[in-house]
Amino acid sequence: MDNPTIAAVATPIGRGGIGIIKISGEKALRIAATVFKSSSFARFKSHRLYHGYVVDPANGRRLDEVLLAIMKAPRSYTGEDVVEIQAHSGPVVLSSILELVLKNGARLAEPGEFTKRAYINGRIDLTQAEAVVDIINARTNKSLEIATAQLKGDMRRSIETIRGSLFDVFAEINAAIDFPDDVTEIVDIDTPIKTLQDKIIARLKELIERYENAHVLRDGLKLVVVGRPNVGKSSLMNRLLQKERAIVASMPGTTRDFIEEPLGIRGIPVIITDTAGLHETDDPVEVIGIKKTYEHTDLSDLVLFVVDASCRITEEDYKIYERISDRNLIIVINKSDLVDDKYKLDVPNSWINIPQVKISALYGQGLDRLKDLIAKISLGEHGFDTEHTIVPNLRHKIALERSLEAASSAVEGMQRRTPFELISIDIKEAIDSLEEITGVIANEDMLDRIFSRFCIGK
Ligand SMILES: Nc1nc2c(ncn2[C@@H]2O[C@H](COP(=O)(O)OP(=O)(O)O)[C@@H](O)[C@H]2O)c(=O)[nH]1
Ligand SMILES: [Mg+2]
């Protein structure tokens, strides 16, 4: 059969209040009628909850007391008949109910298959399907807000508006193709040029800029704390996490391995890494730690380079700086509680243009300024207007850039009086790129890549 009925446990495996088995497809209702015993299945209505028991028809064994929800096509998550069995949540009870469902005609769903069906059946577009994963993965309120807006269809709508304008131009150009020779005299080309510039190119640029300025809110920021031993890296990490995660000690070389923790800074989901102190050493364990530190630094989005306010910049500080100077840096001058308020650390000339902030990790001073600086640096040149909730992801951005390139080439072509046949190809390319975003055009590879990020049961 083309479209098998699928089933999966939709809740995390473990012990808990309720666990849900989801079934979707043509046979969903028949399977439910087979395994669910209640007084009157035949009279059940859609979008209601019913109480009863899951019973194995082969031997009459009762597996659990459950609630059953039926959502008939097309008003369901997938657009197909969907049945949800709400059982007690325990690994054994859920897997035996699932097994029973599979034995009676369903096959195990692949990761993201329910959502993929929702997309294929036209319940949602591709950006909305992606938003489902974003919602599950959201680690800050702002990331959640962006994901929720996308699930609502805000991204789709802004893409469709631009696509609509492209279609208008496309229709005009194609009509012109049918004219004889000197079309430029018959067709007014200023109007399509203006539409392309104002309603298409400008909006595409705006969306691409939105990605540049705000994608860390959805993709997160990799922050690494580095510095020589004992400057207070672990203390800073603990301060930001507001817990004693890393060991702090007055002797150098305490942090030998790196420690990674998630946290939110001004709405940005951050992964922060505390590292081994960087210095010359023969200790083989420390040498490994230092090598790893640099690997982390090279992969980071932003480095907090910690120095000690209470002593001069040392030879070791210089060496570390030389090694990391190509990274996005903030110089964190720690232990400022040990010096006068007016005291200015004498930093080398080459460091002058790097953002600096004075803090005390021990007493928590300057932490707000540090957080503001982190947000300012990572949210792009213009900062992020928090009103906005439409933020393209990387896949969208790449397609938007392709669309922009094609639209710009169309404008150039018109200005140079290129034959309309060629301009029409550019416009079509600009449309196609946008349709890839919403999934009007999609290939299996792309869908696999998107839906493989899902968990089973979603
Ligand atoms: N006075 C003062 N001491 C600090 C500050 N931050 C860290 N320390 C102390 O410096 C020592 C080394 O701190 P630690 O966080 O382990 O440094 P790390 O080796 O860079 O991770 C500990 O004794 C901390 O209590 C600070 O802001 N002010
Ligand atoms: Mg440490």
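**Sheets, ligand shell and domain arrangement**

Strand β3 pairs with strand β4 (residues 48-56) through two bridges, and the two run antiparallel. The model described here is predicted. Within this pair, Lys37 faces Tyr53 of β4. Both strands belong to an open sheet of seven strands. Its order is β3-β4-β5-β6-β2-β1-β7, and the pairing is mixed. The edges are taken by β3 (36-37) and β7 (107-108). Each has a single partner strand, so one side of each lacks a neighbour in the sheet.

Strand β6 (residues 82-89) takes part in two of the pairings described here. Strand β5 (residues 61-71) joins β6 in the antiparallel sense, over five bridges. Here Ala69 is set opposite Glu84 of β6. Strand β2 (residues 16-24) is also antiparallel to β6, and eight bridges connect the two. Gly16 has Ser89 of β6 as its bridge partner.

A further open sheet contains six strands in the order β9-β10-β8-β11-β12-β13. Its pairing is mixed. Strands β9 (259-265) and β13 (356-358) form the edges, and each pairs on one side only. On average, neighbouring strands of this sheet are turned by 25° against each other, with direction ignored. Between β9 and strand β10 (residues 268-274) there are seven bridges, and these strands run antiparallel. Ile265 is bridged to Ile268 in β10.

Ligand 1 is surrounded by 21 residues. The closest are Gly232, Lys233, Ser234, Ser235 and Leu362. Helix α9 (residues 233-241) makes the largest contribution to this shell, supplying three residues. By residue class, the shell around ligand 1 holds 11 polar, seven nonpolar and three charged residues.

The domain assignment gives three entries for the protein chain. Domain 1 covers 6-124, and domain 3 covers 219-378. Domain 2 is made of two segments, 128-216 and 390-451. The C-alpha centres of domain 2 and domain 3 are 42 Å apart. Contact between these domains involves seven residues of domain 2 and nine residues of domain 3. On the side of domain 2 that touches domain 3, helices α5 (141-152) and α8 (190-219) supply at least two residues each. The largest share of that side, three residues, comes from α5. The residues of domain 2 on this side comprise one nonpolar, four polar and two charged.

Overall, the protein chain has 15 helices and 13 strands. Its radius of gyration is 29 Å. The globule rule gives 23 Å for 458 residues, and the value for this chain is well over that, so the chain is more spread out than a compact globule. Taken along the principal axes, the C-alpha atoms fill a box of roughly 80 × 80 × 35 Å.

Methods. Residues numbered from 1 in each chain as written. Chains lettered and ligands numbered in written order. Predicted model: local features only at pLDDT ≥ 70, side-chain atom pairs only at ≥ 80, totals over all residues. Pairing = 2+ DSSP bridges. Helix = DSSP H or I, 4+ residues; strand = E, 2+ residues; numbered from the N terminus. Axes fitted to C-alpha atoms, helices over the stretch in contact; angles between N-to-C directions. Near = placed C-beta within 6 Å. Nonpolar A, V, L, I, M, F, W, Y, C, P; charged D, E, K, R; others polar. Domains from an automatic or database assignment. Contact = placed C-beta atoms within 7 Å. Rg over C-alpha atoms; globule rule 2.2 N^0.38 Å.
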